[in-house]
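Please look over the structure shown here.

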Amino acid sequence: MTELAGAGKIIAIHLNYVSRSDQRGRRPAAPSYFFKPASSLAGTDGTVERPAGTELLAFEGEIALIIGTAARRVPISEAWAHVASVTASNDLGLYDLRANDKGSNVRSKGGDGYTPVGPALIDAASVDPGDLRVRTWVNGELAQDDTTAGLLFPLPQLVADLSQHFTLEPGDIILTGTPAGSSVIAPGDVVEVEVDAPHAPGSPTSGRLRTTVTQGEVEFDPALGSMPAVDDLQRAEAWGSRELAGLPPVEQQSTGLSPELRAKLLDAPTAGLSSQLRRRGLHSCFIDGLSANLPGSKIVGTAKTLRFVPAREDLFTTHGGGYNAQKRAFDAVREGEIIVIEARGDETTGTLGDILALRAKTRGAAGVVTDGGVRDFDAVADIGLPVFSKGAHPSVLGRKHVPWEFDVTIGCGGATVQPGDVIVGDGDGVIVIPADLAEEVADAALAQEDEDAWIAEQVAAGNPVDGLFPMNAEWRARYDARERPDTAAGERGEARCGALSERSEAK
């Protein structure tokens, strides 16, 4: 590996394999990168230390490209000619520091020995960049196996793209992403990575890049900087899934609604629910001016709130980039929750796009409510995530908003929303129900629906509405004396549909 002795820049891509993107529930529209220090380089048969006080050191088997000749603003058609060699790499990362780094990965992936590379180099000119394979073993068991046919962004594109921004120099290394299967390793584990071209003449291979994990003894000093910290999100992403991390499935986590209450709220129209809220003195529970991206859709869930503040350049610099509050909220949403966004009613900017919508959909969110606009409107609809918003707008984050905080009390469309409030939306609009009133309001709304369905039957039979709607004492007595049907949700829905059908035929 003498060719790497003078290695310069080490550039790594965040996400690049379809399998990994599907696992993470987000698919980038364009490649994004981070730098790793040259001091993180290591050779084969080396060791890597898991720092004291940490738990989430993870391996990532990758294909490494080594630049042979300087590249500046080269087209894709010429990019591969600037690559001298291909070999194996392990883009090790410490998830305990990941959230603090906010996407830069300076500390989480910059540690000494965090970039093993080698052992042998494959001549880039002898292989097809679209037909390479990367495999990883942990303690002898195959953990990753994928090919460059499964890349989101082909290898020559990465070279051409990076050369738009700075000169790629001989010895620079590009780490090209890891496939699904990356997971946590512990002291004593042995990780091996191999890159080969099985269909090329001679089936050239890098050989196995071997790294053994050791336990560090020195802890980080809290007086010098932020300390390691983990949560269930980092555990799930480091291990590769909640199951592998020993966490309960998302659907087992309580979001404040029992299946029975959720079914009632799905059956009750927002018009009836809002009427019951008004009877209880709550007159300001409407989120005004929104419409659904999926006609006929209905959402029921508990609120996970996200607050944007008005755009200010210095605040966007500190809070808008990296792993900001918007991304953290979409990463943390649980099954059955609805992300409710405060955008101050400004419809002239997007408050989410297709990537975040895909993340919310993958996490099991029941929908999104925003009093701002939606970017990639048609793509979001194609994903199938119900979104109630002010409509479509093409602008990116930063034009009008700074993502500030989540899981706080917000104002959305003229209504105050707190985390855990119950949100119900349908063709009539979106309402907010205090969690402690949800069951009571749902039961009352369904009872009112049954009453309205009976009234509709009487009107369809030719009776005048005077005295019937609302019912006077005579009609009330007849209603109370009626033969009561089973009030299960399904039969209640059938009764209403029948009444509506009769009303339609009577017109």
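## Main pocket

In this predicted model, four elements each give at least two residues to the lining of the largest pocket: α1 (18-24), β8 (93-94), α9 (325-332) and α10 (354-363). Domain 1 (10-245) and domain 2 (259-437) each contribute at least three residues to that lining.

The largest pocket holds about 1400 Å³ of space. Its lining comprises 48 residues. Nearest the centre lie Arg26, Ser32, Gly322, Lys327 and Ile355. By residue class, the lining splits into 16 nonpolar, 16 polar and 16 charged.

## Helix packing

Two packed helices are described by the angle between their axes and the distance between the axes. Helix α6 (residues 259-267) packs with helix α12 (residues 438-460) at about 45 degrees. Their axes are 9 Å apart. The crossing of α6 and α12 is left-handed.

## Cis peptide bonds

Gly118 and Pro119 are joined by a cis peptide bond, with omega about 0 degrees. Pro119 sits in strand β9 (residues 115-123).

Phe469 and Pro470 are also linked by a cis peptide bond, again with omega about 0 degrees. Pro470 belongs to the loop between α12 and α13 (473-480).

## A positive phi

Asn139 is not a glycine, yet its phi is positive, near 55 degrees. Asn139 lies in the loop that runs between β10 (133-138) and β11 (141-147).

Terms used: Residues are numbered from 1 along each chain as its sequence is written. This is a predicted model: local features need pLDDT of at least 70, side-chain atom pairs count only at pLDDT 80 or more; totals for chains, interfaces and linings use all residues. Side-chain values use heavy atoms; hydrogens and water are left out. On a 1 Å grid over the protein atoms alone, a cavity is a set of points where a 1.4 Å probe fits but cannot get out, and a pocket is an open set with protein on both sides within 12 Å along at least five of seven lines; lining residues have an atom within 4 Å of a point. Grid points are joined across faces, edges and corners, and a volume is the space filled by probe spheres set on the points. Ala, Val, Leu, Ile, Met, Phe, Trp, Tyr, Cys and Pro count as nonpolar, Asp, Glu, Lys and Arg as charged, and the others, Gly among them, as polar. Domain bounds come from an automatic or database domain assignment. Axes are lines fitted to C-alpha atoms, for helices over the stretch in contact, and angles run from 0 to 180 degrees between N-to-C directions. A crossing is left-handed if the near helix is turned anticlockwise from the far one by less than a right angle, and right-handed if clockwise.
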